[in-house]
Amino acid sequence: MTEPAAVKAALKTQAVETPSWAYGNSGTRFKVFAQAGVPRDPFEKLDDAAKVHEFTGVAPTVALHIPWDRVENYAALAEHAEDRGVRVGAINSNTFQDDDYKLGSICHPDAAVRRKAVDHLLECVDIMDATGSRDLKLWFADGTNYPGQDDIRSRQDRLAEGLAEVYERLGEGQRMLLEYKLFEPAFYTTDVPDWGTAYAHCLKLGEKAQVVVDTGHHAPGTNIEFIVATLLREGKLGGFDFNSRFYADDDLMVGAADPFQLFRIMYEVVRGGGFSSDVAFMLDQCHNIEAKIPAIIRSVMNVQEATAKALLVDGAALAAAQADGDVLEANAVLMDAYNTDVRPLLREVREEMGLDPEPMKAYRACGWGEKVVAERVGGQQAGWGA
């Protein structure tokens, strides 16, 4: 069994990136539900993100989404983040909310539209330079709805060409993280529908290009931990977008739908050395009906709990059972770790880090939620519309 001291030391190094858009208004495709006190600009989003880090101690970076988080002075935004005790994380592009992108963006049959999309991605790299961000995260809604609508192979050629131009623009220490999604909004073909397609493009681009695994972007029954293990083995797992799903891309709180799956994923991360590498652990969630900050704090805690259980797996006992072909014992070793109540261990970790052992209670008692409701009056609340 892994020593508790070693587990605690590892947990203290964990970092979970929170998404700026999760602090804004969101909802279903039919209705966005507004909440009092929601940030009105990226600076206020960073203020809220700083509270998550203050009470969890493991959320030091905040992902931005462009143009949702566009500002006049990105250096000032980065300075504001640092003043609040956090940093700007991944820069997420947006090539799916413009009328020009009806038939695609970087894969569009019209060269002028492709140029517009690539120029936006290059703008995102400029923002990385200005903020000190390491990662450019790309997700494309590109695809087709009907057979014959466009040429499948040509779209892959266009994708490769656009990605190559952006890849060449990356600076030292910067990375391109390519995300995939099974479907939606394209229903017949999606141009980056699975990890294999993303992996193939990243492999051709080079070592700065890696794959992002969004835990909600798979067909029902997909063994996500197998994908994680394979990408780690190939050195091509760049990061996660953590969320939960019951049906499709539901963007629910990570660990809410299937906490056992999250544990299995985190075990493969630990087993493959991803916990101590450059794998980025990011949240990608929409909190439609629940309060934003508490939901994000809970999500960070869910990742911590799954990680703690994964770190507690008795590797020697598991390897011995596997070598002996003892199927039940091997499964029991994993289940023993999963069934461990790690909350007391995590309370100890937080106390040793100088934090309140109960982040949710501490946040509720701090008065921040009431403060922003009183102060953030007027102006336009942040959100993704609809």
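## Basis

The structure is a predicted model.

## Packing of H3 and H4

Two packed helices are described by the angle between their axes and the distance between the axes. For helix H3 (residues 74–83) and helix H4 (residues 111–131), the angle is about 50° and the axes lie 8 Å apart. The crossing of H3 and H4 is right-handed.

On the H3 side, the residues involved are Tyr74, Ala75 and Ala78, which meet Ile127, Ala130 and Thr131 of H4. Classed by residue type, this contact comprises five nonpolar residues, one polar residue and no charged residue.

## Packing of H8 and H9

Helix H8 (residues 259–271) packs against H9 at an angle of about 55°, with the axes 8 Å apart. H8 is thus oblique to H9, and the crossing of this pair is right-handed.

H8 contributes Leu262, Phe263, Met266, Tyr267 and Val270 to the contact, while H9 contributes Asn302, Val303, Ala306, Thr307, Lys309, Ala310 and Leu311. The contact of H8 with H9 has nine nonpolar, two polar and one charged residues.

## The buried face of H12

In helix H12 (residues 343–352), the buried residues are Leu345, Leu346, Val349 and Arg350. Viewed down the axis of H12, these buried residues fall within an arc of 140°, so they line one face of the helix. An α-helix has 3.6 residues a turn, so residues three or four places apart point the same way.

The partners of the buried residues of H12 are helix H1 (4–12), helix H9 (292–311) and helix H13 (359–366). After H12 comes glycine 354, which has a positive phi, near 80°.

## The setting of glycine 143

Glycine 143 belongs to strand S7 (residues 143–144). Its relative accessibility is 10%, and because buried means under 20%, glycine 143 counts as buried.

Which residues does glycine 143 contact, leaving aside its neighbours within four places in sequence? These contacts are Leu103, Gln149, Arg155, Ala186, Thr189, Thr190 and Asp191. Glutamate 184 is 41 residues from glycine 143 in sequence, and their C-alpha atoms are 8.8 Å apart in space.

Key. Residues are numbered from 1 along each chain as its sequence is written. This is a predicted model: local features need pLDDT of at least 70, side-chain atom pairs count only at pLDDT 80 or more; totals for chains, interfaces and linings use all residues. Side-chain values use heavy atoms; hydrogens and water are left out. Axes are lines fitted to C-alpha atoms, for helices over the stretch in contact, and angles run from 0 to 180 degrees between N-to-C directions. Helices (H or I, at least four residues) and strands (E, at least two) are DSSP runs, numbered from the N terminus. A crossing is left-handed if the near helix is turned anticlockwise from the far one by less than a right angle, and right-handed if clockwise. Contact means heavy atoms within 4.5 Å. Ala, Val, Leu, Ile, Met, Phe, Trp, Tyr, Cys and Pro count as nonpolar, Asp, Glu, Lys and Arg as charged, and the others, Gly among them, as polar. Buried means under 20% relative accessible area, exposed over 50%, partly exposed in between (1.4 Å probe, protein chains only). The arc is that of the directions from the helix axis to the C-beta atoms. Angles under 35 degrees count as roughly parallel, over 145 as roughly antiparallel, 65 to 115 as roughly perpendicular and the rest as oblique.
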